[in-house]
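Dear colleague,

Please find below the structure that I am handing over to you. My findings follow it, and I would be grateful if you would read them alongside the coordinates.

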Amino acid sequence: MPLPKAELHLHIEGTLEPELAFALAARNGVPLPYAHTDELRKAYQFDDLQSFLNLYYELMAVLRTEQDFEDLANAYLPRAAAQGVRHAEIFFDPQAHIARGVAMGTVVEGLWRALGRSTENHGVSTQLIMCFLRDESAESALETLEAAKPYLDRIIGIGLDSAEVGHPPAKFREVYEAAAALGLRRVAHAGEEGPPEYITEALDVLGVERIDHGLRCMEDDALVERLVRERVPLTLCPLSNVRLRAVDVLAEHPLPAMLDAGLLCTVNSDDPAYFGGYVADNFHAVRDALGLDQERMRELARNSFVASFLEHDEERRARYLAEVEAYDFPGRP
Ligand SMILES: Nc1ncnc2[nH]cnc12
Ligand SMILES: [Zn+2]
């Protein structure tokens, strides 16, 4: 039985495995510039975030109907359950779909057909976080929030993703203020490729409660002290960092130094279909490459529930946390 955990940094479009991409392409008559799944997999060599995003947006062309989004989520959920995920806060990128003529309602209703039954069907509770693409305009983000208004009972919060450098958080001040007024929770990708100043700006200007990635905080001691003092969770994605070359090799990932500094770190999968592993695979990879002991692994699992947006169901959070504390690692005498 895997260690129980919450997954807090997972782009649902990043769970699109080559086999499902080809099946949906055939179903929808969408041509793909790859002959078969192996050829597509060979394209999964990235130099940086942008080179990944190019493929990520290209493959989304196969997602067209409610059924496609339901199938996408229904492929992820049993995999997540098998990896010990009890609770998942799932990102989606509506602008990438709306730009292709796929309506907000198609995306949210389709995902919800799977997510709404996930606790019963898979033992995984879920929340949806709608991300704005930071390389699109602030006006487009505001229009997207407007388009989401009929679906806000299904969306717990907003996030900010896509190409980071050159698109500082402050560009999105207005839409974050509007989202806060609607009672939405706020997170943002910051400090993945962008500088530590983007992390500070996400906190001060956007009022975010968690930082997605946040890796580059380690370049600024005062920022680290602040993140520790304010207990700001970071949703790290170690295999993603290696694949997108934010770190050279996993053995050099700053996670142990971040934990030693007292940062509230969590480990997540980001876009598991592209980066070679789901969330437990990320846990095992950091354990093996960085020599994390069982108490560090337990700390990461505990942090994931502490950092989750489960305030509306503290009883559930307490149950998950108790499971973490009671967990017996395999192979213990
Ligand atoms: N790691 C990542 N960073 C920014 N935007 C993303 N969209 C999907 N994955 C992303
Ligand atoms: Zn991400």
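**Findings**

The end C-alpha atoms of residues 4-317 lie 12 Å apart, and this span is 48% helix and 15% strand. Helices (H or I, at least four residues) and strands (E, at least two) are DSSP runs, numbered from the N terminus. The unreviewed UniProt entry annotates residues 4-317 as "domain: Adenosine deaminase"; UniProt positions are in the numbering used here, feature names are shortened, and annotations may be inferred rather than shown by experiment.

This is a predicted model, in which local features need pLDDT of at least 70 and side-chain atom pairs count only at pLDDT 80 or more, while totals for chains, interfaces and linings use all residues. Residues are numbered from 1 along each chain as its sequence is written, and chains are lettered from A and ligands numbered from 1 in the order in which they are written.

**Overall fold**

The protein has 17 helices and eight strands. Its radius of gyration is 19 Å, close to the 20 Å that the globule rule gives for 333 residues, so the protein is as compact as a globular protein of that length. The radius is taken over C-alpha atoms, and the rule is 2.2 Å times the number of residues to the power 0.38. The C-alpha trace spans about 55 × 45 × 40 Å along its principal axes.

Of the 333 residues, 49% are buried. A residue is buried if 20 or more other C-beta atoms lie within 10 Å of its own, exposed if 12 or fewer, and partly exposed in between, with C-beta atoms placed from the backbone. Among contacts between residues at least 6 apart in sequence, 75% join residues at least 24 apart; two residues are in contact if their C-beta atoms, placed from the backbone, lie within 7 Å.

**Core**

The largest nonpolar core holds 96 residues, and Leu 128 is one of those that touch the most other members. Helix H6 (residues 104-115) supplies the largest share of this core, seven residues. Such a core is a set of buried Ala, Val, Leu, Ile, Met, Phe, Trp, Tyr and Cys residues joined through C-beta atoms within 7 Å. Leaving aside residues up to four places away in sequence, the contacts of Leu 128 include Phe 92, Leu 111 and Ile 156.

**Ligand shell and annotated site**

Around ligand 1 are His 11, Gly 14, Leu 49, Tyr 56, Asp 161, Ser 162, His 189, Glu 192, Ser 240, Asp 270 and Asp 271, each with its C-beta atom, placed from the backbone, within 6 Å of the ligand. The shell divides into two nonpolar, five polar and four charged residues. Here Ala, Val, Leu, Ile, Met, Phe, Trp, Tyr, Cys and Pro count as nonpolar, Asp, Glu, Lys and Arg as charged, and the others, Gly among them, as polar.

UniProt lists Glu 192 as "active site" in the unreviewed entry. Glu 192 lies in the loop between strand E5 (185-190) and helix H10 (196-204), and is buried because 24 other C-beta atoms lie within 10 Å. Beyond residues up to four places away in sequence, Glu 192 touches Leu 49, Glu 164, His 213, Leu 215 and Ala 246.

**Backbone points to check**

His 213, in strand E6 (residues 210-213), has phi near 75°, a positive value in a residue other than glycine. With 27 C-beta neighbours inside 10 Å, His 213 counts as buried. Arg 245 also has a positive phi, near 65°, but counts as partly exposed, with 14 such neighbours inside 10 Å.

Yours sincerely
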